[in-house]
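Here is a short note for a first look at this structure. Please read the points alongside the model.

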Amino acid sequence: MNLIIWLIVGGILGWLASIVMKRDAQQGVLLNVVVGIVGAFLGGFLLSPLLGAGTINMNDFSVMGLVVSFLGAVILLAIVNLFKRGSVR
């Protein structure tokens, strides 16, 4: 059951991050889930020590954990945009 919640929340966070980074039309549902989960790993690695919160990958479904996971997904899409387009947006 935890895996299903993890996939759903990861998909929602990936979808929201793709809307913020204006990549929503280029991504499907599967890629949104991947972006949300990998972005949560990235957020856990980069932002979690700074903010003192976990991520959805650490079973931390608090508001701060969701924010860290979302910011990690946005950072991941910014890195992808940087390599594909040459600019962050």
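**Notes on the predicted model**

1. Start with the surface. The protein chain exposes about 5100 Å², and 77% of that area comes from carbon and sulfur atoms. Keep in mind that this is a predicted model.

2. Next, the fold. The protein chain has four helices and zero strands. Along the sequence the pattern reads α-α-α-α. The radius of gyration is 12 Å, close to the 12 Å that the globule rule gives for 89 residues, so the protein chain is as compact as a globular protein of that length.

3. Overall dimensions come next. The C-alpha trace of the protein chain spans about 35 × 30 × 15 Å along its principal axes.

4. Now burial and contacts. Of the 89 residues in the protein chain, 39% are buried. Take the contacts with a separation of 6 or more: 56% of them join residues 24 or more positions apart.

5. Which residues of α2 are buried? They are Asn32, Val33, Val35, Gly36, Ile37, Gly39, Ala40, Gly43 and Gly44.

6. What covers the buried residues of α2? The cover includes α1 (2–20), α3 (48–51) and α4 (63–85). Trace these helices in the model to see how α2 is covered.

Technical notes. Residues are numbered from 1 along each chain as its sequence is written. This is a predicted model: local features need pLDDT of at least 70, side-chain atom pairs count only at pLDDT 80 or more; totals for chains, interfaces and linings use all residues. Side-chain values use heavy atoms; hydrogens and water are left out. Buried means under 20% relative accessible area, exposed over 50%, partly exposed in between (1.4 Å probe, protein chains only). Helices (H or I, at least four residues) and strands (E, at least two) are DSSP runs, numbered from the N terminus. Contact means heavy atoms within 4.5 Å. The radius of gyration is taken over C-alpha atoms; the globule rule is 2.2 Å times the number of residues to the power 0.38. Accessible areas come from the Shrake-Rupley method with a 1.4 Å probe; for residues, only the protein chains shown count as cover.
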